[in-house]
Amino acid sequence: MLNHDKGALPLYSQLEQILRKKIEHGEYCKGDFLPTEKQIMEEYDTSRMTVRQALAELAKDNYIKSRRGIGTEVIYEKIDEHMQKVISFTEEMKRHNITMQTSYCKMMKIKPTERVAMALNIPITEQCYCLLRVRDVEGKPLVYTKTYLKKVVELKEDESYYMESLYKYLNEAHGIKIEKARDTLEAALPNEEVMHFLKIDKNMPIFKRTRQTYLKNGEVFEFSICYYPGNRYKYTVDL
């Protein structure tokens, strides 16, 4: 039931969050139709105006679409990456015919932390590159990535070189080709940094993918940590 107490969220916002969670958790899947406005009014003991405001918010975020004379269809679907080989994030999205943009990009040389130095198999005194990027789909952040690269060649620190596929740029500009990778997958809650870049709150679970990539000679080249909002991304692996 909705909370009518003073100071509670507006009723339409409460209802919108309830329906949103049901869609994200699979109670209503893509192609399903939500209950009618009247049914929702009766279930949550609220007004038609409240129901319509809640549905309008979900439609604005591309969770549902009204079908005149038919009903309200669920159109939300998590982006499902079916991993079979090492590919860039750009290639991942192309598989789904999704256009993406880089909304934040920063490339710099840094002194690595112990964790990064260990992952790249370099001394802690040796500099490496750090590339921070936020990749958006339909104007919303889909992944925040922290990529650390071993200094096997001199890389430009001009961000314009890293707005598209990193792997493609490395291969075409420097002849660097990723031969294999090891991914570690886990669920987590976001810290302040991740909340800021993904524009989510502290209660939104995130999907965290940690990756090490290797060159043909077996040398570790890359250590990346990718953060995805849990309500927009899922991951499939062939075994």
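This is a predicted model: local features need pLDDT of at least 70, side-chain atom pairs count only at pLDDT 80 or more; totals for chains, interfaces and linings use all residues.
Two strands pair if DSSP finds at least two bridges between them. Strand 1 (residues 64-67) and strand 2 (residues 71-74) pair in the antiparallel sense over 4 bridges, and serine 66 has threonine 72 in strand 2 as its bridge partner. The largest nonpolar core has 24 residues, and a second, separate core has 17 residues.

- Strand 1 and strand 2 form a hairpin, with 3 residues between them.
- In the turn of this hairpin, glycine 69 has a positive phi of about 80°.

**The nonpolar cores**

- Within the largest core, the residues with the most contacts are Leu120, Cys128, Tyr144, Tyr148, Leu198, Phe223 and Tyr227.
- Two or more residues of this core come from each of helix 5 (114-120), strand 5 (128-137), strand 6 (140-149), helix 7 (192-198), strand 8 (206-214) and strand 9 (220-229).
- Among the 17 residues of the second core are Leu2, Leu34, Ala54 and Ile64.
- Leaving aside neighbours within four places in sequence, tyrosine 144 is in contact with Leu132, Arg133, Val134, Glu193, Val194, Phe197, Leu198, Ile225, Cys226 and Tyr227.

**Strand 9 and its partners**

- The bridge partner of glutamine 212 is phenylalanine 223, which lies in strand 9.
- Strand 8 and strand 9 form a hairpin with 5 residues between them, and glycine 218 in its turn has a positive phi of about 90°.

**Helix 6**

- Helix 6 (residues 166-174) has Leu166, Tyr167, Tyr169 and Leu170 as its buried residues.
- Seen down the helix axis, the buried residues of helix 6 fall within an arc of 165°, so they line one face of the helix.
- These buried residues pack against strand 5, strand 6, strand 8 and strand 9.
- At the start of helix 6, a side-chain oxygen of serine 165 comes to within 3.1 Å of the backbone nitrogen of lysine 168.
- Just after helix 6, glycine 175 has a positive phi of about 70°.

**Aspartate 158**

- Aspartate 158 sits in the loop between strand 6 and helix 6.
- Its relative accessible area is 40%, so aspartate 158 is partly exposed, a class that lies between buried, under 20%, and exposed, over 50%.
- The side chain of aspartate 158 makes a polar contact with the side chain of serine 160 (3.0 Å).
- Aspartate 158 and lysine 106 are 52 residues apart along the chain, and their C-alpha atoms are separated by 8.2 Å.

**Cysteines**

- A disulfide is a covalent bond between the sulfur atoms of two cysteines.
- The structure holds 0 disulfides.
- For cysteine 128, which is in no disulfide, the nearest cysteine sulfur belongs to cysteine 130 and is 7.0 Å away.
- Cysteine 128 has 1% relative accessibility, so it counts as buried.
- Cysteine 226 also counts as buried, because its relative accessibility is 7%.

How values were computed
Residues are numbered from 1 along each chain as its sequence is written. Side-chain values use heavy atoms; hydrogens and water are left out. A nonpolar core is a set of buried Ala, Val, Leu, Ile, Met, Phe, Trp, Tyr and Cys residues joined through side-chain atoms within 4.5 Å. Buried means under 20% relative accessible area, exposed over 50%, partly exposed in between (1.4 Å probe, protein chains only). Contact means heavy atoms within 4.5 Å. The arc is that of the directions from the helix axis to the C-beta atoms. A polar contact is a pair of N or O atoms within 3.5 Å; within protein, one must be able to donate a hydrogen and the other to accept it, and residues adjacent in sequence count only if both atoms are side-chain atoms. A disulfide is a pair of cysteine sulfur atoms within 2.5 Å.
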